Amino acid sequence: MEPRNQTSTSEFILLGLSEKSDQETLLFALFLCMYVITAVGNLLIILAISSDSHLHTPMYFFLANLSLVDFCLATNTVPKMLVNIQTRSKSISYPCCLTQMYFFHFFGIMDSVLIAVMAYDRFVAICHPLHYTSIMSPRLCGLLAAGPWMFSCFISLTHILLMARLVFCGNNEIPHYFCDLTPLLRLSCTDTMVNKIFVLIVAGMVIATPFICILASYTRIIVAIMKVPSANGRKKAFSTCSSHLSVVALFYGTTIGVYLCPSSVRTAIKEKASAVMYTVVTPMLNPFIYSLRNRDLKAALRKLVNRKISSSS
């Protein structure tokens, strides 16, 4: 009988985005800049929303949660990659690999569910404006924010427990820049059928289901907007949704390609490119997408920056 509770591999080798050493300096500079922009942008969004009482509404409450999750998602993967490039060491211990995988799935699931929650918030605001305050009560907002945290914790922990039962032997090279689930399953020398079935179930719950709910919400939203008699009213309503739709397209377009497409059409290069999109590019762009088209948020950011400048002078 094969051993189930131990692994013959004590560490893995993260091959990174490129195996060519002459490209690593460029990758280091590029991803360092992207991470700094991601961290500063998302933390500024959180500070601006928390410091401005005018932004203490459900929409901005969920946006602050999304910014926190985006910051944590990028922090879970990018700094380790930068350290590996800088030190020329690509190894990661087995416990650290599982830990990184846990938080990657935790914050990735949070991202997906929060984007769907924000779509529901826009649906209520546009389709039921007179009842918005009563429907989106502080209690419901708390449940819609806390629920995904608990759900994500449970799903991510189950992933890790299922992964811990596998045995890894022989090849320990992961063709990725972080410990992702799919590349690790390929390295196992034991049966991974249970893990693969659970991946499909989870992908259906946290990717396909929220995406379908978002499409349903925006179908109703578009129908409601088209009934607005005023052209300015329609433009304003579309403006409040366009930012969120951009995030939906970026996030779900890449995650569906990685977790729901047949394995026969996936390659290591495509998986890495998609992972860069939803772990680095999307968290970096979100602050710009939401702030550039939002006058209230831009005003709050200006107040925050001016306050910091005046206090330091």
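Strand E1 (residues 11-14) is joined to strand E2 (residues 91-93) by 3 bridges, and the two run antiparallel. Keep in mind that this is a predicted model.

**Strand E1 and its neighbours**

- Start with the E2 side: Phe12 has Ile92 as its bridge partner in E2.
- E1 also pairs with strand E3 (173-174), this time in the parallel sense and over 2 bridges.
- Which residues of E1 sit on its covered face, and which on the uncovered one? Phe12 and Leu14 are on the covered face, while Glu11 and Ile13 are on the uncovered face.
- Here's a handy rule to hold next to that: side chains in a regular strand alternate between the two faces of the sheet.

**Aromatic rings**

- How many aromatic pairs does the structure hold? There are 14 aromatic pairs.
- One of them is Phe12 with Phe168, an edge-to-face pair with 5.3 Å centre to centre and 90° between the planes.
- Phe12 belongs to strand E1, but Phe168 is in the loop between helix H5 (138-164) and strand E3, so this pair ties together parts of the chain that are 156 residues apart in sequence.
- Are Phe12 and Phe168 buried or exposed? Both Phe12 and Phe168 are buried.
- Another pair, Phe211 with Tyr252, is tilted, with 5.4 Å centre to centre and 40° between the planes.
- That pair links distant parts of the chain too: Phe211 is in helix H7 and Tyr252 is in helix H8 (residues 231-259), 41 residues apart.
- Phe211 has a relative accessible area of 25%, so it counts as partly exposed.
- Tyr252 counts as buried because its relative accessibility is 1%.
- There's also an aromatic cluster, made up of Tyr102, Phe103, Phe106, Phe107 and Trp149.

**How the helices pack**

- To describe two packed helices, you give the angle between their axes and the distance between the axes.
- Take helix H2 (residues 58-87) and helix H3 (residues 94-127): their axes come within 9 Å and cross at roughly 155°.
- Why does H2 count as roughly antiparallel to H3? Angles over 145 degrees count as roughly antiparallel, and the H2 and H3 axes cross at roughly 155°, so H2 gets that description relative to H3.
- The crossing of H2 and H3 is left-handed.
- Sorted by class, the contact of H2 with H3 has 16 nonpolar, 5 polar and 5 charged residues.
- Now look at H3 with H5: the axes come within 8 Å and cross at roughly 150°.
- Which hand does the crossing of H3 and H5 have, left or right? The crossing of H3 and H5 is right-handed.
- In the contact of H3 with H5, the residues divide into 21 nonpolar, 4 polar and no charged.

**A look at Ala203**

- You'll find Ala203 in helix H7 (residues 193-226).
- Ala203 and Ile109 are 94 residues apart in sequence, and 9.4 Å apart in space when you go from C-alpha to C-alpha.

Conventions: Residues are numbered from 1 along each chain as its sequence is written. This is a predicted model: local features need pLDDT of at least 70, side-chain atom pairs count only at pLDDT 80 or more; totals for chains, interfaces and linings use all residues. Side-chain values use heavy atoms; hydrogens and water are left out. Helices (H or I, at least four residues) and strands (E, at least two) are DSSP runs, numbered from the N terminus. Rings of Phe, Tyr and Trp (its six-membered ring) pair if their centres lie within 6.5 Å; planes under 30 degrees apart count as stacked, over 60 as edge-to-face and the rest as tilted. Buried means under 20% relative accessible area, exposed over 50%, partly exposed in between (1.4 Å probe, protein chains only). Two strands pair if DSSP finds at least two bridges between them. Axes are lines fitted to C-alpha atoms, for helices over the stretch in contact, and angles run from 0 to 180 degrees between N-to-C directions. Angles under 35 degrees count as roughly parallel, over 145 as roughly antiparallel, 65 to 115 as roughly perpendicular and the rest as oblique. A crossing is left-handed if the near helix is turned anticlockwise from the far one by less than a right angle, and right-handed if clockwise. Ala, Val, Leu, Ile, Met, Phe, Trp, Tyr, Cys and Pro count as nonpolar, Asp, Glu, Lys and Arg as charged, and the others, Gly among them, as polar.
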